[in-house]
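Reader: Hello! I am new to protein structures and would like to learn how to read one. Could you take me through it step by step?

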Amino acid sequence: MKENNNLLKLMDYAGSFKYFTIGSIVLSAVSACLALMPFVYIWKIIDEVLSVMPDYSKATNIEEYGMTAVKYAINAMCVYFCALACSHIGGFRTVANIRKSCVAKVMRLPLGHIETEGSGKIRKIIIDSTASMDNYLEHIVPDRTVAVATPIAMIALLMYFDWKIGLLCLATIIGGFLIMGAFMVGPRLKKDMEAYNIALENMTKEAVEYVRGIPVVKTFGQSVFSFKKLKKAIDDYAKFTISYTQQFRVPMTSFTIVINASFAILIAVALYHNVTVADHELLTNIMFYIIFTPIIAVTLNKLMYSSEAGMIVSTAFSRIDSVLDVAETKETETPQMPKDNSVEFQNVSFQYNGATKKAVDGISINITAGSQIAFVGPSGGGKTTLASLVSRFWDVTEGKILIGGVDVRNIPQAKLSEIVSFVFQDSKLLKTSIMDNVRIAKPNASDQEIMKVLERAQCADIIAKLPNGVNTVIGSKGTYLSGGEQQRIAIARTMLRNSPILILDEATAFADPENEEKVLKAFNEISKGKTVIKIAHRLSTVVDCDQIYVLKDGKIIENGKHQQLVSQNGAYSKMFRDYQKSVEWKIEN
């Protein structure tokens, strides 16, 4: 039933291409029946040879029977080839449709969800899960059809020649099915497969984290301690796989013995009847079954492995559903346009799913159009969360955020993305040219526009050192940029977009002193005439802001201008003194 549900769900995505999959199933069944016919003609050859012994010259039909057997075998292969062609066409198109649905869904998801889950994880879910479905449609469905159709046709042949021997051989099929159903398919295997995937995913995750952290690990000499999590993940995976393998030793051994037991049965029958050449009919039938029964083992093995593939597809669907079932960012039914670039937080609160406390709690701020404000404070205080709510990375739990007097939830998403731009601390560049990386912000921009914003963003020195200037592909032939250089390219991209509201999230975090100076100059260019919200730990970047808000535990504990806050000798004053000490700190010779 579960197998059928998987196929039906896939057919929902296939559209008109489902007929290729249906055609593949029909052709595979026909191929399975044709593939058994050569055994019938082999039996006829044996029967004729035994019937004319010792005068073999009377065996006049052997060539005809042999050619007919070959024709059936070739026809079976040709039909199965057509079945595979149909399954591949249907599989390609179905998986393409699933991936399109997933990508379309991702485009409608809250940006905060994508940031929290990670684009790499979402991409892995979509690619890996659909790859399993692709393999299922292209190979497993035809193979499973053959594996199901073959026993049905086999039973007819087993009963046709000698129903008594046929029943004995059929017992091995029934025994194999019983063992398979009890131990190797069903809810238990599904649970084990899910546990296996979790163990594998944890090991992969820890391996990636360990590799990423190698520079820090080597710097602080913490290799043994940092290896503990990865080693534990590997040990857990090894422990599970060994236990999982061991629990199948007896069932798998029993299954293999039972499905191959037909040989022992046939030998027992021959010994019981003391079969000789004189027992022409019985000897012919026994020889037929000796040749024919190996198909039982092959067929049941195919069924077993295709059942496991069905479990993998079920798991793949659950992973795809984890993306498709996420609540989308709701598009307003009553779109409104803001009157200016002011931003107002009205008693805003927000709590992440599963969190025990609010990340932002009762924030009220009025940011006038064209002003520059800053959010500072300890890590985890809610700075980035509060700024992200402006762009609807998430929707507020309580309160409102207004842009130009309009609730951001009533501004169309496309328009909101034009109004608000982010510059993150780890801005990403695509593996394409500098020109194309900037042009992403405005696809119809001319080369002259792009060159102008690159100059304003202090990128002239970057372009000058690259082998092909603005046409240099990032990441090609060893061409890489530092964190600060990437940040300036990202600023040029944002500058080209020319959004009236800018959010700068720790935008100088990865810049060295030389790059920081140029990044700050680029910020001055990009901020002219804009409403700017800065999030910073480097307090030197916020001293000129019109208003500074100190956040801790999701609440504003202080606000004012730089000098005013320093003179209060409160939390900000302490932060600024600590920052100055860190800047002045140096290693003495």
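Author: Gladly! Let us begin with a term: accessible areas come from the Shrake-Rupley method with a 1.4 Å probe. In this predicted model, the protein exposes about 31,000 Å². Carbon and sulfur atoms supply 59% of that area.

Reader: How many helices and strands does the protein have?

Author: The secondary structure comes to 22 helices and 10 strands.

Reader: What share of the residues is buried?

Author: A residue is called buried when its relative accessible area is under 20%. Of the 589 residues in the protein, 44% are buried. There is also something to say about contacts: take those between residues at least 6 apart in sequence, and 76% of them join residues at least 24 apart.

Reader: Now the helices, please. How are two packed helices described?

Author: Two numbers do the work: the angle between the axes and the distance between the axes. Look at helix α2, residues 18-52, and helix α3, residues 62-108. Their axes come within 8 Å and cross at roughly 165 degrees.

Reader: Why are α2 and α3 called roughly antiparallel?

Author: Angles over 145 degrees count as roughly antiparallel, and the α2 and α3 axes cross at roughly 165 degrees, so these two helices are roughly antiparallel to each other. The contact of α2 with α3 has 22 nonpolar, 9 polar and 2 charged residues. As for handedness, α2 passes α3 in a left-handed crossing.

Reader: Can we try another pair of helices? At what angle do α17 and α19 pack?

Author: Helix α17, residues 447-456, packs against α19 at about 125 degrees, with the axes 8 Å apart. Angles of 65 to 115 degrees count as roughly perpendicular and those over 145 as roughly antiparallel, so α17 and α19 are described as oblique to each other. Here α17 passes α19 in a right-handed crossing.

Reader: Which residues of α17 and α19 meet?

Author: From α17 come E449, I450, V453, L454 and R456, and from α19 come I489, A492, M495 and L496. By class, this contact has 7 nonpolar residues, no polar ones and 2 charged ones.

Reader: Let us turn to loops. Where is I411, and is I411 buried or exposed?

Author: I411 lies in the loop between β5 (406-407) and α15 (413-419). With 0% relative accessibility, I411 counts as buried.

Reader: What does I411 touch?

Author: For such a list, residues up to four places away in sequence are not counted. I411 then touches E331, T332, Q336, P338, I403, V406, L416 and I419. Take T332 from that list: I411 and T332 are 79 residues apart along the chain, yet their C-alpha atoms are separated by 6.9 Å.

Reader: And where is S391?

Author: S391 sits in the loop between α14 (383-390) and β4 (398-403). At a relative accessible area of 10%, S391 is buried. Leaving aside neighbours within four places in sequence, S391 is in contact with L416, V420, F422 and I503.

Terms used
Residues numbered from 1 in each chain as written. Predicted model: local features only at pLDDT ≥ 70, side-chain atom pairs only at ≥ 80, totals over all residues. Heavy atoms only, no water. Helix = DSSP H or I, 4+ residues; strand = E, 2+ residues; numbered from the N terminus. Buried < 20%, exposed > 50% of the residue type's maximum accessible area, 1.4 Å probe, protein only. Contact = heavy atoms within 4.5 Å. Axes fitted to C-alpha atoms, helices over the stretch in contact; angles between N-to-C directions. Parallel < 35°, antiparallel > 145°, perpendicular 65-115°, else oblique. Left-handed = near helix turned anticlockwise from the far one by under 90°. Nonpolar A, V, L, I, M, F, W, Y, C, P; charged D, E, K, R; others polar.
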